Every structure is written in C-alpha cells, then in structure tokens.
Amino acid sequence: MLHGYDDTLELCFGSQNKNKNIINKLIKTTDFAMDNGIEGLSRIANSGKITKDAIPSYTHIIYTNRLEVLYGYRKPKIRLGKEEYLKSMESYKEIIQTADKYYDIVLVDLNNNLDKDLEKQILNMSQVIVYNIEQKINMINDFLELKEEMDEQRKNKTILNIGRFDETSKYTIKNISRYTKMKKNLTVIPYNTLFFEAASEGNVADLFLKINNVSDTDKNAKFIKQVKEAVEKIIYKLQEVQMRS
C-alpha cells in the first residue's frame with residue numbers, strides 16, 4: 001500500500017493515472033469517476049462493505065498473483081477537504097487488516113504527513129518496521145532519538161535501512177552499526193544509476209527482471225547482492241517475530 005502524496009514509490013511502479021485519459025474517453029457517462037487506489041477502497045470501508053476479495057479490484061498489478069500496489073491519495077487535504085480526509089484515514093487500519101487476510105505479506109509505506117496517532121497504531125499492528133534513512137548524520141541521530149522512545153517490543157521488530165549508500169563515506173556500515181547498535185538489524189542499499197533512472201521512469205519491476213542474475217563481474221552485481229541481503233534480513237526478522245508471537 002502506498003500512502004500519502006509523496007509519490008516516490010508510486011513512480012517506481014508507474015503512475016496510477018497512466019491510462020486514465022484513455023479509459024475516460026471510452027466512458028460516455030459524464031458523471032463517471034474513477035475511484036482507484038485507496039480513495040475508492042476507503043469509501044467502501046467507510047460504508048462497511050469492504051471484503052478481502054474487493055481489494056484487488058483497486059490495485060495496480062505489477063506481477064500477476066505476486067505483487068500488487070494500492071496507490072495512495074494525491075494531495076488529499078486539498079482534493080478532499082480536511083473533514084473527508086480525516087474520515088478516510090479512519091479506514092486505513094481496516095483496509096490493512098482486511099488486506100492481511102488476502103495477501104501473504106502487506107507492505108505499508110508511511111510518511112510524515114500521516115496523523116501521528118494513526119501512524120502509531122499502524123506501527124503497533126506491524127510485525128516488522130523498516131526505517132529508511134540516508135547516509136547523513138542528522139538522519140542517523142533522528143533515528144536514535146526515535147529509538148530511545150521505542151519500547152522493547154518495537155525495538156525487537158525494527159530494521160534500519162540506509163538508502164543511497166556510498167562505500168567511500170566515513171559513515172561506513174561498521175561505523176553506523178557501532179553508533180546505532182543495530183548490527184543485526186542494519187541493511188544498506190547502494191546508490192545505483194540504473195535503479196535511480198528506473199525509479200524515476202516507473203520501470204523498477206522491469207529492471208529487477210533484467211539484472212537479477214547478472215554475473216559477479218557486472219557493475220550492478222554489488223547492488224543486487226545488497227538488495228537480496230536486505231530482503232533476506234527482512235524476511236528473517238518477520239519469521240523471527242512470528243515465532244515469538
């Protein structure tokens with residue numbers, strides 16, 4: 001599920017409005033409205049009619065029967081008005097809980113625009129929390145402040161991920177690990193030009209299909225290796241948490 005109006009992840013998998021104009025030309029009814037993504041699903045949830053089988057109808061399919069994306073609002077407070085936006089947020093928990101009955105894994109992208117109380121509730125519901133930051137000391141310190149406020153349960157299910165990682169920086173994996181005391185729960189994703197371009201062009205899914213099995217001598221090999229290690233660590237943490245619960 002992609003939340004809010006930071007469209008970074010949405011762009012990675014292609015825009016939700018890519019074919020909207022074409023579809024609208026085929027619809028002669030003037031009052032027709034495409035309620036795609038979480039907007040349409042929220043309305044169903046607020047009417048008390050949401051079921052696990054309804055969710056796929058509002059998602060964008062990336063890999064059939066493997067990966068689907070539920071897009072978030074675009075500038076919701078401006079488009080919907082504050083009252084309707086707050087009402088829609090009340091349905092988020094129900095949507096996540098319902099999706100959990102349909103999918104093996106549900107990934108929820110949260111950002112700073114979300115109501116803090118709702119954010120806390122969603123984090124408490126989550127089995128694994130991945131905090132994404134960049135290789136900057138202020139971001140690392142911000143994470144440490146958050147960590148100080150966490151109870152043991154949340155600390156035990158948290159992974160810190162460093163994006164756009166640069167091996168030549170003095171903030172090495174070893175130094176960050178020692179500084180944050182997150183050795184077992186630290187992952188890094190190196191900066192990669194192909195990934196950067198694919199993310200901005202909506203071709204991330206195609207990119208990973210193309211470079212997933214590159215040779216060890218390929219310039220993208222280290223990026224793929226680090227991505228796989230990060231995914232494996234997240235899956236291991238998920239299994240670990242599930243065994244304790």
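This note sets out, point by point, the main features of the predicted model shown above.

1. Overall make-up. The protein has 13 helices and five strands. Of its 245 residues, 38% are buried. When contacts between residues at least 6 apart in sequence are considered, 70% of them join residues at least 24 apart.

2. The largest nonpolar core. This core comprises 16 residues, and those with the most contacts inside it are Leu41, Ile50, Tyr92, Ile95, Leu114 and Leu118. Helices α3 (37-46), α6 (92-102) and α7 are the elements that give two or more residues to this core. A separate core of 15 residues lies apart from it, and includes Tyr131, Met182, Leu186 and Val188. As a general background, nonpolar side chains in soluble globular proteins tend to be buried together.

3. Helix α7. This helix spans residues 116-125, and its buried residues are Leu118, Glu119, Ile122 and Leu123. Viewed down the axis of α7, these residues fall within an arc of 135°, and therefore line one face of the helix. Leu118 also belongs to the residues with the most contacts inside the largest nonpolar core. The N-terminal end of α7 is capped by Asp115, which has a side-chain oxygen 3.2 Å from the backbone nitrogen of Asp117.

4. Helix α12. Within this helix, which covers residues 204-211, Val204, Ala205, Leu207 and Ile211 are buried. Because they cover an arc of only 160° around the axis, they are on the same side of α12. Leu209 and Lys210, on the other side of α12, are exposed.

5. Aromatic pairs. The structure holds six aromatic pairs. One of them is formed by Phe195 and Phe223, whose rings are tilted, at 5.5 Å centre to centre and with 40° between the planes. Phe195 lies in helix α11 (residues 193-201) and Phe223 in helix α13 (residues 221-244), so the pair ties together parts that are 28 residues apart in sequence. Phe195, Phe208 and Phe223 form one aromatic cluster.

6. The two partners compared with the burial cut-offs. Is Phe223 buried or exposed? Phe223 has a relative accessible area of 3%, and is therefore buried. Phe195 has a relative accessibility of 27% and so counts as partly exposed, since that class lies between the limits of 20% and 50%.

7. The surroundings of Phe223. Leaving aside neighbours within four places in sequence, Phe223 is in contact with Ile189, Pro190, Asn192, Phe195, Phe208 and Ile211. Among these, Ile211 is one of the buried residues of α12. The C-alpha atom of Phe223 is separated by 9.6 Å from that of Val188, a residue 35 positions away along the chain. Val188 is itself among the residues of the 15-residue core.

8. Asn185. This residue is placed in the loop between α10 (173-180) and β5 (186-190). Asn185 is buried, with a relative accessible area of 15%. Which residues does Asn185 contact, leaving aside its neighbours within four places in sequence? They are Thr158, Ile159, Leu160, Lys233 and Lys237.

9. A charge over a ring. Arg66 lies over the face of Tyr63, at 5.8 Å from the ring centre.

Key. Residues are numbered from 1 along each chain as its sequence is written. This is a predicted model: local features need pLDDT of at least 70, side-chain atom pairs count only at pLDDT 80 or more; totals for chains, interfaces and linings use all residues. Side-chain values use heavy atoms; hydrogens and water are left out. Buried means under 20% relative accessible area, exposed over 50%, partly exposed in between (1.4 Å probe, protein chains only). Helices (H or I, at least four residues) and strands (E, at least two) are DSSP runs, numbered from the N terminus. The arc is that of the directions from the helix axis to the C-beta atoms. A polar contact is a pair of N or O atoms within 3.5 Å; within protein, one must be able to donate a hydrogen and the other to accept it, and residues adjacent in sequence count only if both atoms are side-chain atoms. Rings of Phe, Tyr and Trp (its six-membered ring) pair if their centres lie within 6.5 Å; planes under 30 degrees apart count as stacked, over 60 as edge-to-face and the rest as tilted. A charge sits over a ring if NZ of Lys or CZ of Arg is within 6 Å of the ring centre and within 35 degrees of the ring normal. A nonpolar core is a set of buried Ala, Val, Leu, Ile, Met, Phe, Trp, Tyr and Cys residues joined through side-chain atoms within 4.5 Å. Contact means heavy atoms within 4.5 Å.
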